[in-house]
Amino acid sequence: MLSRDRLLRGALALPTAAYVVAFFIVPLVVIVVYSFARVSLVTFNISFDWNLDNYRQIHDPLYFDTLVRSVVLSIGATVGCLLLGFPLAYFISRQPRTWQRVLLVFVIVPFWTSFIVRTYATVNLLEEHGPLADLLQTLHVISGPLMILYTPRAVAIGIIYSYLPLMVLPIYVALERIDDELLAAAADLGASPQRVFRRVTLPLALPGVAVGCVIVGIPAMGEYVIPEILGGGKTLMLGNVITDQFLTVGNIPFGSAIAVVLMALMAVVLLATRRFTRVETG
Amino acid sequence: MRIRRHWFTGLVSLAVIVFLWAPLAIVAVNSVNKNPLLVRWGGFTTSWYHQAISNPDVRAGLRATMVVAATSTLLSLAIAVTGCLWWRRAGSRSRRVFDGMTYLRIMLPEVVFATALFLVFTRAHFQLGTGAVIIGHTVWNSAYATLIVQARTASLDPALEDAAADLGANPWRVFRRVTLPSLFPAILAAGLLAFTFSFDDVVTTYFLNGTANPTLPVVILSMIRFRVSPEINAIGILVMLFTVTMFAVAFLAVSGAGWSTRRSRA
């Protein structure tokens, strides 16, 4: 009876295990294997001779620039999200309960709208003679049309726009947990508000900041749709190069190598931030 | 001092919230703007909505999206519920592997595993199309569903099920009469979220769809690329209303569940 129970319980793991192995782990292993293969661009036959040519090809300035741009854009967008998101999360966490809820709704609802529509919406905003251009002209920041759309800067703004709530929420959760009495105690002991913020609030918010940076930075690095729409179809980021190699050029081994590089970058980020994020995920 | 600091963060917060909402407001305004070039306000019209609703590509896209989202949601729920039931009684090491795989499926850039699946399917001569898209969506959708159901199973009291078993109910009956009802809010929320994520997806679909009817987001993407017409705004608003409603209902299902446990504990 007991063994039947155990068997039954073990069987419950089967759907998840089978699915993850067949459609997640095996494909990822296959892509690593293919990244060492060679393709004939005439016949499209792929031969496996375990060479590093695909990885060497990434040093080609054309692709290396894209690699650097992807990393810079995702770091820049993460920092941008942090600079905008931290004050917002802090402000929300210092409000009375009811107001916290209302403000959170204002932050989350845009995030609930369709991803592709949101990206399209930023196109409207950044248009040469669009609303942002009007605003900047009235403020005399620029004099001519706004020349941002279809540049890397537009992609960064698009990523910040789409990922901002992902930064705000974990920081808010961390800040909201801070006991007000802790801050009062620090103030009573003579710490200036700046010092309380630097020595008490900031360290306690750090796990939330780390989680926010990871869940913004990693997906941003592999972003495909945002550079496709806001970058004007140029191969601005790694996601676009991979897609091109797979679906248009047909150089699958090279596309695989770039995908492996992307995975490696992600692993580095996850390992580097493990110390901070572990607290949060338990 | 306190007031002054909040004055600064308050101003930044206001600016950020305007930044989040302004683009959506522009889409909403343009969806009823009569001016076809959308450079100035040209009067009110509903014709973009009429165009959107009668566009055959949009209709076919919506149908394809519904099929993919519904099937992927059901598959994801089956995987998530069985996985979570196993997780409750699993050892800590197997739990860690399970959790790691769940987070990885969510964190890994979609482009990477979409290409990986594309490669495996094409090499294995498995026809790309709706079936392949459903398999692809279920990889990450089952992870999201697992996270939500897991949060609920963690707070489930095993004493109830043990009591039912002691009273002579067989495992299946215990599951159906005790476990499933208390998991229901989480399953509902997970289902709604999974449906919405699938409904919204571009990248996985783009890779695995082959020559099948493209789903709505892929249709929208190609419309944006070719700057077809202002009707994109109308489609966008309709899609947005749908996804926001789904998320809101899912959110209420989850928070409603939290409320009822808190009350029963009190």
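Two residues are taken to be in contact if their C-beta atoms, placed from the backbone, lie within 7 Å. The structure is a predicted model, in which local features need pLDDT of at least 70, side-chain atom pairs count only at pLDDT 80 or more, and totals for chains, interfaces and linings use all residues. Residues are numbered from 1 along each chain as its sequence is written, while chains are lettered from A and ligands numbered from 1 in the order in which they are written.

Leaving aside neighbours within four places in sequence, I171(A) is in contact with G85(A), F86(A), A89(A), A205(A), G208(A), V209(A) and G212(A). I171(A) is also among the residues that touch the most other members of the largest nonpolar core, together with I160(A), L262(A) and A190(B). Such a core is a set of buried Ala, Val, Leu, Ile, Met, Phe, Trp, Tyr and Cys residues joined through C-beta atoms within 7 Å, where buried denotes 20 or more other C-beta atoms within 10 Å of a residue's own. This core holds 158 residues, and its largest share, 16 residues, comes from helix α8 (residues 152–176) of chain A.

Chain B contains eleven helices and zero strands, these being DSSP runs numbered from the N terminus (helices: H or I, at least four residues; strands: E, at least two). Of the 266 residues in chain B, 45% are buried. The C-alpha atoms of chain B fill a box of roughly 70 × 65 × 30 Å along the principal axes.

Between the chains, 60 residues of chain B are in contact with 60 residues of chain A. On the side of chain B that touches chain A, α1(B) provides the largest share, 17 residues.

Conventions: Buried ≥ 20, exposed ≤ 12 C-beta atoms within 10 Å, placed from the backbone.
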